[in-house]
Amino acid sequence: MSKVVAELKYSAEHEWVASDGAGPAGIGISAVAADALGDIVYVDLPEVGATVTAGETCGEVESTKSVSDLYAPVTGEVTEVNDAVVGDPSLINSDPYGAGWLFKVAVAEEGPLLSAQEYASKNGGEL
């Protein structure tokens, strides 16, 4: 089973949100999604300064199996993009909750998010 981190919130589309309420929120894709995609070979992320809207596509993740849209779990302005993951997308597979984070957003509004427990029970992950 894929790992689900208890401290994070999740979208129904498999993105995670790490927010302490003080600064920009980190965004990535869950280990459940990374495992389902297989070997990730390319990511297309929003640019710094772009506005993303919760529930709308903001990029894509390409694996050896398929191409999947990346959905914004929150609305706000992108403040940082993880250049390391753009250069080496396999970081998403090896460390989806750490080095494989995708981008950060100054959150204006959260979309509908699930708790880690809700996400794990719906998607077969383990806390």
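I count two rings of Phe, Tyr or Trp as a pair if their centres lie within 6.5 Å, taking the six-membered ring for Trp. Planes under 30 degrees apart count as stacked, over 60 as edge-to-face and the rest as tilted. I note that this is a predicted model.

**Aromatic pairs.** How many aromatic pairs does a search of the whole structure find? I get 2. I looked up Tyr10 and Tyr119, which form a stacked pair, 4.5 Å centre to centre with 15 degrees between the planes. Tyr10 sits in strand β1 (residues 9-10) and Tyr119 in helix α4 (residues 116-123), so this pair ties together parts 109 residues apart in sequence. I checked burial as well. Tyr10 is buried, at 0% relative accessible area. Tyr119 also counts as buried, at 0%.

I then took Trp16 and Tyr97. Their pair is tilted, with 6.2 Å between centres and 45 degrees between the planes. Trp16 belongs to strand β2 (residues 15-18), and Tyr97 to the loop between α3 (91-94) and β9 (103-110), so parts 81 residues apart in sequence are tied together. Trp16 is buried, with a relative accessible area of 3%.

**Charge over a ring.** I found Lys104 over the face of Trp101, 5.1 Å from the ring centre.

**Sheet.** I traced an open sheet of 3 strands, ordered β4-β6-β7, with antiparallel pairing. β4 (40-44) and β7 (67-71) are at the edges with a single partner strand each, so one side of each has no neighbour in the sheet. From one strand to the next, the twist averages 25 degrees. I see 4 bridges between β4 and the antiparallel strand β6 (residues 57-63). Tyr42 stands opposite Glu62 in β6.

Technical notes:
Residues are numbered from 1 along each chain as its sequence is written. This is a predicted model: local features need pLDDT of at least 70, side-chain atom pairs count only at pLDDT 80 or more; totals for chains, interfaces and linings use all residues. Side-chain values use heavy atoms; hydrogens and water are left out. Two strands pair if DSSP finds at least two bridges between them. Helices (H or I, at least four residues) and strands (E, at least two) are DSSP runs, numbered from the N terminus. Axes are lines fitted to C-alpha atoms, for helices over the stretch in contact, and angles run from 0 to 180 degrees between N-to-C directions. Buried means under 20% relative accessible area, exposed over 50%, partly exposed in between (1.4 Å probe, protein chains only). A charge sits over a ring if NZ of Lys or CZ of Arg is within 6 Å of the ring centre and within 35 degrees of the ring normal.
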